[in-house]
Amino acid sequence: MKYSITNQPFTVLTLALEAGEAVKTQSGAMAWMTPGIRMETKTGGLGGMLKKAVVGESLALNRYTAEQAGELTLAKRCPGDILMFNIGETPIIAQKSSFLASTEGVEMEVYLQKKLSTGFFGGEGFLMQKYTGAGYAWFEVDGAVQERELAAGEQLVIDSGYVAAMEATCSMEVQSVKGLTNIVLGGEGLFNTVVTGPGKIWLQTMPVSALAMNLYAFMPHNS
């Protein structure tokens with residue numbers, strides 16, 4: 001299977017499928033495709049539906065199977081980039097609602113942060129997604145993406161919402177912002193997310209939650 005990621009920041013993922021190849025996609029991701037590609041909607045049963053509900057995914061996934069060679073193009077829901085991972089020995093932890101597509105050998109499970117405070121205050125959410133198995137997976141990123149590699153014990157302090165994905169060898173916790181003036185006037189919120197290596201981390205430059213809040217300031221409000 002070949003793929004291309006183009007048209008940033010209004011990014012699309014185009015998959016070139018050979019006859020018999022199949023991919024799983026987020027519901028509503030298909031933008032256009034050539035004839036001869038069959039779609040089936042799968043819910044994964046009650047357990048799978050509950051798992052998707054708690055991490056904010058749609059309750060169904062679409063499975064596209066090429067009955068003849070063709071192309072399938074998937075589009076993001078908001079401006080930004082698309083990350084591709086070759087899932088193998090090192091599982092990937094991704095922000096919730098970031099899944100776009102994967103080959104059939106990739107499995108998703110709910111990832112529970114070890115520290116309860118991370119869930120309530122970390123911005124990335126109490127529940128994230130852990131991807132295991134073997135194959136390719138593509139994720140939506142808000143804005144542009146920067147990749148950093150942390151050595152063992154090396155830390156990166158990140159404002160809430162900017163973590164797109166990380167290798168499962170990394171760990172995440174929360175530190176409170178110190179000083180009343182910093183909290184009230186700093187504009188950075190009450191907490192920062194701290195990721196500790198070893199492993200790679202992928203950062204997004206424009207979390208959709210931050211973008212929404214900035215746009216909200218310019219919208220008319222009823223008195």
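Analyst: A cavity is a set of points, on a 1 Å grid over the protein atoms alone, where a 1.4 Å probe fits but cannot get out, and lining residues have an atom within 4 Å of a point. Grid points are joined across faces, edges and corners, and a volume is the space filled by probe spheres set on the points. By this rule there is one cavity of 30 Å³ or more. This is a predicted model, in which local features need pLDDT of at least 70 and side-chain atom pairs count only at pLDDT 80 or more, while totals for chains, interfaces and linings use all residues. Residues are numbered from 1 along each chain as its sequence is written, and side-chain values use heavy atoms, with hydrogens and water left out.

User: How much space lies in the largest cavity, and which residues line it?

Analyst: The largest cavity holds about 30 Å³ of space. Its lining is made of L83, A94, Q95, S98, F139, E140, V141, A164 and A165. To sort such a lining, Ala, Val, Leu, Ile, Met, Phe, Trp, Tyr, Cys and Pro count as nonpolar, Asp, Glu, Lys and Arg as charged, and the others, Gly among them, as polar. Here the lining has six nonpolar residues, two polar and one charged.

User: Which strands each supply at least two residues of that lining?

Analyst: Strands are DSSP runs of E of at least two residues, helices are runs of H or I of at least four, and both are numbered from the N terminus. The protein chain has four helices and 19 strands. Strand 13 (135-142) and strand 16 (163-167) each supply at least two residues of the lining. The largest share, three residues, comes from strand 13.

User: What is the order of the strands in the open sheet?

Analyst: Two strands pair if DSSP finds at least two bridges between them. The open sheet has six strands in the order 5-6-3-10-13-8, with antiparallel pairing. Strand 5 (37-42) and strand 8 (80-87) stand at the edges with a single partner strand each, so one side of each has no neighbour in the sheet. From one strand to the next, the twist averages 20°, where axes are lines fitted to C-alpha atoms (for helices over the stretch in contact) and angles run from 0 to 180 degrees between N-to-C directions.

User: How many bridges join strand 5 to strand 6, and how does strand 3 pair with strand 6?

Analyst: Strand 5 and strand 6 (residues 61-66) run antiparallel and are joined by six bridges. R38 has T65 in strand 6 as its bridge partner. Strand 3 pairs with strand 6 in the antiparallel sense over five bridges, and the partner of Q26 in strand 6 is L61.

User: What lies on the other pairings, from strand 3 to strand 10 and from strand 10 to strand 13?

Analyst: Strand 3 and strand 10 (residues 99-103) pair antiparallel over three bridges. In strand 10, A101 is the bridge partner of T25, and T103 stands opposite V23. Strand 10 is also joined to strand 13 by three bridges, again antiparallel, with S102 partnered by A137 in strand 13.

User: Is strand 3 largely enclosed or left open by the rest of the structure?

Analyst: Buried means under 20% relative accessible area, exposed over 50%, and partly exposed in between (1.4 Å probe, protein chains only). Five of the five residues of strand 3 (residues 22-26) are buried, so strand 3 is largely enclosed by the rest of the structure. In a regular strand the side chains alternate between the two faces of the sheet. In strand 3, A22, K24 and Q26 point one way and V23 and T25 the other, and all are buried. Strand 10 is likewise largely enclosed, because five of its five residues are buried. Of the 223 residues of the protein chain, 40% count as buried.

User: Which residues is T11 in contact with?

Analyst: Contact means heavy atoms within 4.5 Å. T11 lies in the loop between strand 1 (2-6) and strand 2 (12-17) and counts as buried, at 2% relative accessibility. Leaving aside neighbours within four places in sequence, T11 is in contact with I5, T6, L74, A75, K76, G80, D81 and I82.

User: Where does V145 lie?

Analyst: V145 is in strand 14 (residues 145-150). V145 counts as partly exposed, at 27% relative accessibility. Beyond four places in sequence, V145 is in contact with D81, L83, W202 and L203.

Terms used. 1 Å grid on protein atoms, 1.4 Å probe; cavity = no way out; pocket = protein on both sides within 12 Å on 5 of 7 lines; lining within 4 Å.
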